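Below is a brief report on one protein model. Look over the sequence and the fold before reading on.

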Amino acid sequence: MTGSRGHDGRRIAFLGTGLMGAPMARRLLGAGFAVTVWNRDRSKAEALAGDGAVLAETPIDAAAGADVVITMLTNAEAVRDVLFDRGAASAMAPGATVIDMSSIAPHFARDHAAGLAERGIAHVDAPVSGGVVGAEAGTLAIMAGGDKEVIDGLADVFAPMGRVTRVGPSGAGQLAKLANQQIVAVTIGAVAEAMMLIAAGGGSPAAFRDAIRGGFAESRILELHGKRMVERQFTPGGSSSNQLKDLNAAMETAGSLSLTLPLTAVVHAEFSEFVANGNGEKDHSGLLLHLEEKNGRPGGKQ
């Protein structure tokens, strides 16, 4: 099923063309790579046909003959299912490489790497940060774990999608993503609480955000998620359920390393409650709604 060879002779299969995967695959197609795509919901893969992608009916069809298989899936269970249960790995030839760009716990990444190594297939865990905007622009921060030579040899594959940095051995990319998500979650909580403090005291959250831009509190969270909070637009770029998934993995990993992370633990508890109350599909900046509700100020009302 895999299409003609790309500009460097390598064939790429992209498994998982959802909110993030579709624009990432589109970047690879725009760079001249031959890309075969598969998605559980076929309609999401079909949208890429106009960009030159070859559609595959199954993960096996997509992976057959591919030199590089990229996975961008919901969780570790989905990655394992596609690679091993549905047989994508068995369709790959020894010497091929799997780049898992999903966000999963580090120990799962190491397990997958070991399973692929038994088949002579290399594995790189390479989760990303930057959201849909970064995926569309090709400016994702890509955190890679695995063999240095393998990662260096994939530089042209990573380049259309963003900036890759090898963080360490297998699993280190996922560990970096968890640390990234800790920072994102705690910062979203801090910005949301600051917005509430300003509003409760009679100030303007919009003017507050403008006033502190460029100061020590400046961040991409303040820029993008702060804007969402001001405009009260919580349709997801990044869903709260995915944020909670990453926080769950961060807390599990911290426990395995005998670490206590008090700030992460607090924001983890708040996201757990927010999602349990039916808000998993709201953007993670929507944590503001949860904190307002806890303070008896639904809708940000005084």
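## A buried asparagine

Which backbone atom does the side chain of N39 reach at 2.8 Å? The side chain of N39 reaches the backbone nitrogen of T17. This is a polar contact, meaning a pair of N or O atoms within 3.5 Å; within protein, one must be able to donate a hydrogen and the other to accept it, and residues adjacent in sequence count only if both atoms are side-chain atoms. The model is predicted: local features need pLDDT of at least 70, side-chain atom pairs count only at pLDDT 80 or more, and totals for chains, interfaces and linings use all residues. Residues are numbered from 1 along each chain as its sequence is written, and side-chain values use heavy atoms, with hydrogens and water left out.

N39 sits in the loop between β2 and α2 (42-46). Helices (H or I, at least four residues) and strands (E, at least two) are DSSP runs, numbered from the N terminus. N39 counts as buried because its relative accessibility is 12%. Buried means under 20% relative accessible area, exposed over 50%, and partly exposed in between (1.4 Å probe, protein chains only). A polar atom of the N39 side chain also lies 3.0 Å from the backbone oxygen of D41. Leaving out residues up to four places away in sequence, N39 touches G16, T17, G18, K44 and A45. Contact here means heavy atoms within 4.5 Å.

## The nonpolar cores

In soluble globular proteins, nonpolar side chains tend to be buried together. The largest nonpolar core in this model has 32 residues. Such a core is a set of buried Ala, Val, Leu, Ile, Met, Phe, Trp, Tyr and Cys residues joined through side-chain atoms within 4.5 Å. M24, I70, M101 and F158 have the most contacts inside the largest core. The elements giving it two or more residues are β1 (11-15), α1 (21-30), β2 (34-38), β4 (68-71), α6 (131-137), β8 (140-145) and α8 (155-158). α1 gives the most, with four residues.

I70 touches I12, A13, F14, L15, L28, I99, M101, V157 and M161, not counting residues up to four places away in sequence. A second, separate core has 22 residues, including L15, A56, A63 and L116.

Helix α1 is largely enclosed by the rest of the structure, because seven of its ten residues are buried. They are G21, A22, P23, M24, A25, L28 and L29. Just after α1, G32 takes a positive phi of about 100°.

In helix α14 (residues 287-294), the buried residues are L287, L288, H290, L291 and E292. They pack against α9, α11 and α13 (262-279). G296 follows α14 and has a positive phi, near 70°.

## Salt bridges

Side chains of opposite charge can pair when their charged atoms come close. A search of the whole structure finds 14 salt bridges. Each is a side-chain nitrogen of Lys or Arg within 4 Å of a carboxyl oxygen of Asp or Glu. R10 pairs with D156, the closest N and O atoms being 2.4 Å apart. R10 lies in the segment before β1 and D156 in helix α8, so the pair ties together parts that are 146 residues apart in sequence. D156 counts as partly exposed, at 28% relative accessibility.

K148 and D152 also meet in a salt bridge (2.7 Å, N to O). Both lie in helix α7 (residues 148-153), four residues apart, about one turn of the helix. D152 is partly exposed, at 44%. D246 pairs with K245, with the closest N and O atoms 4.0 Å apart. D246 is buried, with a relative accessible area of 5%, while K245 is partly exposed at 23%. R42, E46 and E57 are linked in a network of salt bridges.

L175, L257 and L259 make a nonpolar surface patch of about 280 Å². Patches are made of residues with over 30% relative accessible area and no salt bridge: like charges are joined within 9 Å, nonpolar side chains (Val, Leu, Ile, Met, Phe, Trp, Tyr) within 5 Å. Accessible areas come from the Shrake-Rupley method with a 1.4 Å probe; for residues, only the protein chains shown count as cover. L175 is in helix α9 (residues 172-200). L175 counts as partly exposed, at 40% relative accessibility.
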